[in-house]
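Biologist: I am new to this structure and would like to go through it with you. Could we look at the chain while we talk?

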Amino acid sequence: MEQNNVDFPVLIAQTGPLNGQRWSIEEAIVIGRDSACEVVIVDRQVSRYHARLMLTNNGVILEDLGSKNGTFRNGVRLEESAVLQDGDLVQIALVQHFVFLSSDATVPLEGGIPTGEEPVHRLHLDRRSRRVWIKRQELLPPLSVQQFTLLQLIFDKRDQVVSRQDLVEAIWGHQEYEGVSEQAIDALIRRLRERLAVVDPDYAYIVTIRGHGLRLDNPVE
């Protein structure tokens, strides 16, 4: 669906067969395998009529249409309809990922890399679409919600050290702090390092400062 001058929410396909395509949500959009759907995903894991997005006065509502393999919002399978928030990740079965943006006025440009006089760092991320680039190559598949939250926190702090307590509260929430084990934190950090190393195995972006926390080493190219 072509964008126009009206400011509509937008759905952008990420990992999957529709990667890079986008749809302005001006009315109800059905996602499924059937050719009658507005968003067609040709894969047997996708139900003929899998999920629906509806523009209402309260926002855009996502609902599963009784699909076999599920519709997921930020990694959690939908049990009932949900109002999408800016930057939410929508997953159809195990096949296609989308990101939802509440406005098409600031849709990330193709490539997502800053232009002009702003210095370009080795690692760049876009908060709204939750996309990450390393050395101008997009990191695919996208990071999980927890991985992206961790990376964004140390990215925003630049050269500052972020404590493990701040990491846990940002990722799991203040009330869950006492229940998060050291093993869970270490596993998340390890998985994020592994994902970054897929694109750039020769550079250690996440630096552990013993007794203090983590720091992102992100030089200008």
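Biologist: Which residues of helix 2 does helix 1 meet?

Modeller: This is a predicted model, in which local features need pLDDT of at least 70, side-chain atom pairs count only at pLDDT 80 or more, and totals for chains, interfaces and linings use all residues. Residues are numbered from 1 along each chain as its sequence is written, and side-chain values use heavy atoms, with hydrogens and water left out. Helices (DSSP runs of H or I, at least four residues) and strands (E, at least two) are numbered from the N terminus. With contact taken as heavy atoms within 4.5 Å, Q146, T149, L150, L153 and I154 of helix 1 meet, in helix 2, D166, L167, A170, I171 and W172.

Biologist: How many nonpolar residues does the contact of helix 1 with helix 2 have?

Modeller: Ala, Val, Leu, Ile, Met, Phe, Trp, Tyr, Cys and Pro count as nonpolar, Asp, Glu, Lys and Arg as charged, and the others, Gly among them, as polar. By these classes, the contact of helix 1 with helix 2 has 2 polar and 1 charged residues, and the number of nonpolar ones is 7.

Biologist: At what angle do helix 1 and helix 2 pack?

Modeller: Axes are lines fitted to C-alpha atoms, for helices over the stretch in contact, and angles run from 0 to 180 degrees between N-to-C directions. The axes of helix 1 (residues 145-156) and helix 2 are 9 Å apart, and the angle is about 135°.

Biologist: Which residues make the contact of helix 2 with helix 3?

Modeller: On the helix 3 side, the contact is made by E182, A184, I185, D186, L188 and I189. On the helix 2 side, the residues are R164, V168, I171 and W172.

Biologist: In what order do the strands form the open sheet?

Modeller: Two strands pair if DSSP finds at least two bridges between them. The open sheet is formed by 6 strands with antiparallel pairing, in the order 2-1-11-10-7-8.

Biologist: Which residue is the bridge partner of A13 in strand 11?

Modeller: Strand 1 (residues 10-13) and strand 11 (residues 96-101) run antiparallel and are joined by 4 bridges. In strand 11, A13 has as its bridge partner F98.
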